Amino acid sequence: MSSRTQDIERTSESRRPTIYTEAMEVFHRASDLIGLDRRVRMELEEPDYEHIFYVTLKLHTRLVPLPQAEAPRYKDLGDSELLPDGLEPLLDGSFVFKRRALINANVQMREGVMRLKGKGLYKVLPGRPERFKAYRIQHNQARGPYKGGTRYHQDVSLDLFKVLAAEMTWKTAIADVPFGGGKGGIKVDPRSLSSEELEALTLRYMYRLKPLVGPNLDIPAPDVGTDANVMGLMLRQYTDGERERHSLRGVITGKDTRIGGSEGRVKATGQGLAYTIQEWFAERGTTPAGSSFVLQGFGNVGSNAAEILTHLGSKLLAVNDAGGTIYNPHGIDAQDLITYVYENPANLRRTVAGYPKAQQIGKSDLWDVEADICIPAALGGEITGSVAERLKVKLVAEGANGPTTPDGDRVLAKRGIEMIPDIIGNAGGVTVSYYEWVQNKRMEHWSETEVNTRLEQAIKSNYRIIRDISRNTPRRTATHNSTRYCIGKEIDMRTAAMVLALKRIEAHYQLEGFSQ
Ligand code: NAD
């Protein structure tokens with residue numbers, strides 16, 4: 001192959017769209033519109049640092065279901081009885097085997113196979129070490145320390161973390177909190193690990209991360225697959241043995257309220273989304289009462305948004321999650337659904353599937369349900385062009401990060417369906433993370449009312465600035481000023497949000513300059 005052909009191939013390869021280049025479309029659009037300084041644009045186009053590393057873990061012994069085809073060979077094998085306390089069930093149907101399972105046990109094993117009483121045949125898979133790929137992407141710190149969540153999921157990649165880290169740079173600027181953007185995590189399905197393994201993996205991850213993060217450098221938080229418990233473990237690993245460990249609490253946000261977490265943090269993202277939806281109705285002189293919504297994702301964001309919105313009088317018609325989809329035209333009681341999903345030990349997968357007070361429907365039927373609002377609050381890329389063609393709603397309010405593809409955006413705009421973009425819709429989480437960080441620095445503990453009062457004020461006022469940019473209605477009052485941000489013409493809400501972010505970030509480069 002000639003070097004010229006190779007060059008052409010390389011060029012076309014570098015132009016092949018990736019989820020990162022796709023996600024950056026809106027950045028480029030907004031940069032062009034405001035004539036963003038060339039050098040600032042370069043600073044923001046790629047992350048400051050891309051850390052990729054590996055963590056190893058010793059997996060415990062497992063009992064895995066024996067393939068059906070091998071079962072006849074063991075039909076005469078008698079029952080084994082193990083102490084149930086020593087077996088931890090995993091979602092893939094296997095059990096993590098702990099030594100205490102053998103206390104007073106009666107074991108009959110042949111070729112590593114045993115029949116668990118009442119459960120069937122299992123093969124022993126001896127414990128082994130395993131290697132996991134881990135990431136921390138630090139996108140930009142012009143406005144403050146890197147800030148962003150920690151995701152444990154089997155489908156993560158460098159490109160995805162770059163997208164999510166850049167999103168945090170825009171989001172922290174839009175929320176007007178003094179942070180930059182970062183994101184990280186581990187390529188692992190956390191549901192395939194025992195609680196002890198998850199703890200060991202988290203401690204090892206933070207051990208490797210410690211030189212890269214800190215309360216004034218990079219501040220991780222929870223995201224998909226991690227929670228306050230995982231944050232507690234990360235905090236412990238970071239602060240263990242440090243002389244002034246109490247002053248380091250702000251290295252992690254999303255902690256339990258008993259160890260320095262903020263009141264209102266668990267609900268903050270759903271609460272923030274609800275505030276933007278309230279503001280959307282307020283512009284129309286009404287409230288969410290009497291409206292209806294469909295929801296994708298019933299995790300932290302989805303379940304809390306559902307609870308708050310139904311409390312405000314909006315009717316939840318359908319919910320889809322990783323396990324299934326449910327529909328009830330008369331409305332679903334969000335609180336009751338939370339009990340079904342989270343307080344029912346038999347619901348191992350924590351899914352809405354099987355909820356008895358609704359019909360079970362197919363995943364794609366969700367998009368055909370007629371409602372006022374559609375809330376995607378699961379993973380990215382779900383509202384594609386073809387999904388957007390089907391939606392029978394007036395508003396898409398994005399709880400998830402990047403749930404609408406650029407194609408989806410174009411179709412929604414063409415169909416006149418309005419949009420609350422993710423970078424303001426789900427900014428409640430990082431806003432309260434900032435409150436948590438401030439409380440940690442000051443050694444204070446604010447009440448939930450105080451947190452929510454500040455959150456409501458912050459989210460609604462930034463939402464109003466974005467709306468003014470979108471409609472090109474610059475306004476200045478004692479408490480509101482969008483004159484600095486409007487660009488002299490109307491633009492869609494997503495681009496408007498990006499304009500706000502870029503103007504706030506650009507100010508730092510313009511006024512503080514570039515270090516050499
Ligand atoms: P979570 O892990 O608590 O819940 C995720 C939900 O999505 C679950 O109900 C799961 O069943 C569902 N889901 C997963 N895969 C799915 C699929 N293929 N189809 C349908 N549903 C699926 O996560 P979370 O914290 O609620 O985060 C949800 C989204 O919100 C993510 O995009 C996250 O990045 C974003 N977000 C979260 C926060 C936060 O504070 N938790 C803040 C900002 C943005």
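Visitor: Which residues is Leu217 in contact with, leaving aside its neighbours within four places in sequence?

Guide: They are Pro145, Tyr146, Pro211 and Leu212. Contact here means heavy atoms within 4.5 Å. Please note that this is a predicted model, in which local features need pLDDT of at least 70, side-chain atom pairs count only at pLDDT 80 or more, and totals for chains, interfaces and linings use all residues. Residues are numbered from 1 along each chain as its sequence is written, and side-chain values use heavy atoms, with hydrogens and water left out.

Visitor: Why is Leu217 called partly exposed?

Guide: Buried means under 20% relative accessible area, exposed means over 50%, and partly exposed lies in between, with a 1.4 Å probe and protein chains only. Leu217 has a relative accessible area of 35%, and therefore it is partly exposed.

Visitor: Where does Leu217 lie?

Guide: Leu217 lies in the loop between α6 (195-209) and β12. Helices (H or I, at least four residues) and strands (E, at least two) are DSSP runs, numbered from the N terminus. The protein has 16 helices and 19 strands.

Visitor: Why is Asp223 called buried?

Guide: Its relative accessible area is 18%, so Asp223 counts as buried. Asp223 is found in the loop between β12 (218-222) and α7 (228-239).

Visitor: What joins the side chains of Asp223 and Arg151?

Guide: A polar contact of 2.5 Å joins them. The term denotes a pair of N or O atoms within 3.5 Å; within protein, one must be able to donate a hydrogen and the other to accept it, and residues adjacent in sequence count only if both atoms are side-chain atoms. Apart from neighbours within four places in sequence, Asp223 is in contact with Gly149, Thr150, Arg151, Lys183 and Asn401.

Visitor: How do you know that Arg62 is buried?

Guide: The relative accessible area of Arg62 is 6%, and therefore Arg62 is buried. This residue belongs to strand β2 (residues 62-65).

Visitor: Which polar partners does the side chain of Arg62 have?

Guide: A polar contact of 2.7 Å links the side chain of Arg62 to that of Glu197. Not counting residues up to four places away in sequence, Arg62 touches several others, including Leu90, Phe97 and Leu125.

Visitor: What makes Leu395 a buried residue?

Guide: Its relative accessibility is 0%, so Leu395 counts as buried. Leu395 lies in strand β18 (residues 395-397). With neighbours within four places in sequence left aside, its contacts include Trp280, Cys374 and Met419.

Visitor: Why is Arg73 called exposed?

Guide: Arg73 has 53% relative accessibility, and so it counts as exposed. It lies in the loop between β2 and β3 (79-80). Beyond residues up to four places away in sequence, Arg73 touches Arg110 and Glu111.

Visitor: What is stated about the phi of Asp176 and of Met443?

Guide: Asp176 has a positive phi of about 60° although it is not a glycine. Met443 likewise is not a glycine, yet has a positive phi of about 55°. Asp176 is placed in the loop between α5 (158-174) and β11 (181-187), and Met443 in the loop between α14 (428-442) and α15 (448-471).

Visitor: Why does Met443 count as exposed, and why is Asp176 called partly exposed?

Guide: Met443 has 56% relative accessibility and therefore counts as exposed. Asp176 has a relative accessible area of 44%, so it is partly exposed.

Visitor: How do you know that the radius of gyration agrees with that of a compact globule?

Guide: The radius of gyration is taken over C-alpha atoms, and the globule rule is 2.2 Å times the number of residues to the power 0.38. For 516 residues a compact globule would have a radius near 24 Å; the protein has 25 Å, and therefore the two agree. The C-alpha trace spans about 80 × 65 × 60 Å along its principal axes.

Visitor: What percentage of the residues of the protein count as buried?

Guide: Of the 516 residues, 52% count as buried.
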